[in-house]
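Reader: I have a model open and want a quick tour. Can we go through it point by point?

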Amino acid sequence: MEKSPGKKKIAVLISGRGSNLKSLIKYSNQKKSLFKIVLVISNNLNAKGLMIANKSKIKNHYIKYSNQKNFENLVLKLIKKYKIDMICLAGFMKILSKKFIKKFSKPILNIHPSLLPKYKGLNTHGRAIKNREKYSGATVHIVNEKLDAGKIIFQEKVKILKKDTEKTLEKKVLKVEHKIYPRAIIKLLFNY
Ligand code: GRF
């Protein structure tokens, strides 16, 4: 018998630390949660997130990124096997192809540590501080074939203080990321 009937099944793709994965697992372990993390895939064998998945007894797979096509085909196979309803990228450092997005045909979300459309790509905190921005924040958006460019689902600001460094800003933004990612998932899946 299925353990959590009715809950939407989510696969999380990671490449590293996995703090967003950890917070999503924590959220989804609540009885009232409307989704369940059932699969974790990493393109990095040493990703700490794989250990987090193991500890939480969530099926997890390392898939070598030899090339985009092979990697994506293997991901699609697993996604089909586990009947996944949504993919969430959480610190996944590769771009998914238009073909993959079309083939999956269900929502793919990503979390990004800036107030998109500002500061796409890497080193968001350093660039925001250098440009003397008053605010930064985190954004959850739909994934399309362009980097950090899909429709914004949820965004929250944090104030940048004069004393903030890249490190302190990252910490503040990460806290917000952990809060908004589950909310964005619910908003997209259930329209509230
Ligand atoms: C987060 O800042 C996320 O917004 C970005 O990569 C980082 C991943 O961190 N896409 P973690 O692996 O979830 O701790």
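**Questions on the fold and its side chains**

Author: Start with Ser97. Leaving aside neighbours within four places in sequence, Ser97 is in contact with Gln68 and Glu72. Keep in mind that this is a predicted model.

Reader: Is Ser97 buried or exposed?
Author: Ser97 is found in the loop between β4 and α4 (98–104). Its relative accessibility is 15%. The cut-off for buried is under 20%. So Ser97 counts as buried.

Reader: What is the order of the strands in the sheet?
Author: The sheet is open and has seven strands.

Reader: What is the average twist from one strand to the next?
Author: From one strand to the next, the twist averages 20°.

Reader: How many bridges join β1 to β2, and how many join β1 to β4?
Author: β1 runs parallel to β2 (residues 35–42), and seven bridges join them. Ile14 stands opposite Ser42 in that pairing. β1 also runs parallel to β4 (residues 86–89), where Leu13 stands opposite Leu89. The counts are seven bridges to β2 and four to β4.

Reader: How many residues of β1 are buried?
Author: Strand β1 covers residues 8–14 and is mostly covered. Of its seven residues, the number buried is six.

Reader: What is the hand of the crossover from β1 to β2, right or left?
Author: β1 and β2 run parallel. The chain passes from β1 through helix α1 (residues 19–28) to β2. This β-α-β crossover is right-handed.

Reader: Which strands does α1 lie across, and which does α2 lie across?
Author: α1 runs at about 155° to β2. Helix α2 (residues 48–55) runs at about 155° to β3. α1 lies across β1, β2 and β5 (108–112); α2 lies across β1, β2 and β3.

Reader: How many residues of β6 are buried?
Author: β6 spans residues 135–142 and is mostly covered. Of its eight residues, the number buried is six.

Reader: Why is the pair of Tyr27 and Phe35 called stacked, and what is the angle of its planes?
Author: The structure holds three aromatic pairs, and Tyr27 with Phe35 is one of them. The ring centres are 5.4 Å apart. Planes under 30 degrees apart count as stacked. This pair is stacked because its planes are at 15°.

Reader: Which residues form the ring cluster?
Author: Tyr65 and Phe71 form a tilted pair, 4.9 Å centre to centre with 45° between the planes. Tyr65 is partly exposed at 23%, whereas Phe71 is buried at 1%. Ring pairs link the cluster of Tyr65, Phe71 and Phe92.

Reader: Where is the cis peptide bond?
Author: Pro117 is found in the loop between β5 and α5 (124–130). Omega of the bond is about 10°. The cis bond joins Leu116 and Pro117.

Reader: What is phi of Lys57, and what is phi of Asn123?
Author: Lys57 is in the loop between α2 and β3 and is exposed at 76%. Asn123 is in the loop between β5 and α5 and is partly exposed at 46%. Neither is a glycine, yet phi is positive: near 60° for Lys57 and about 50° for Asn123.

Key
Residues numbered from 1 in each chain as written. Predicted model: local features only at pLDDT ≥ 70, side-chain atom pairs only at ≥ 80, totals over all residues. Heavy atoms only, no water. Buried < 20%, exposed > 50% of the residue type's maximum accessible area, 1.4 Å probe, protein only. Helix = DSSP H or I, 4+ residues; strand = E, 2+ residues; numbered from the N terminus. Pairing = 2+ DSSP bridges. Right-handed = clockwise from strand over helix to strand, strands pointing away. Axes fitted to C-alpha atoms, helices over the stretch in contact; angles between N-to-C directions. Contact = heavy atoms within 4.5 Å. Phe/Tyr/Trp six-rings, centres within 6.5 Å; stacked < 30°, edge-to-face > 60°.
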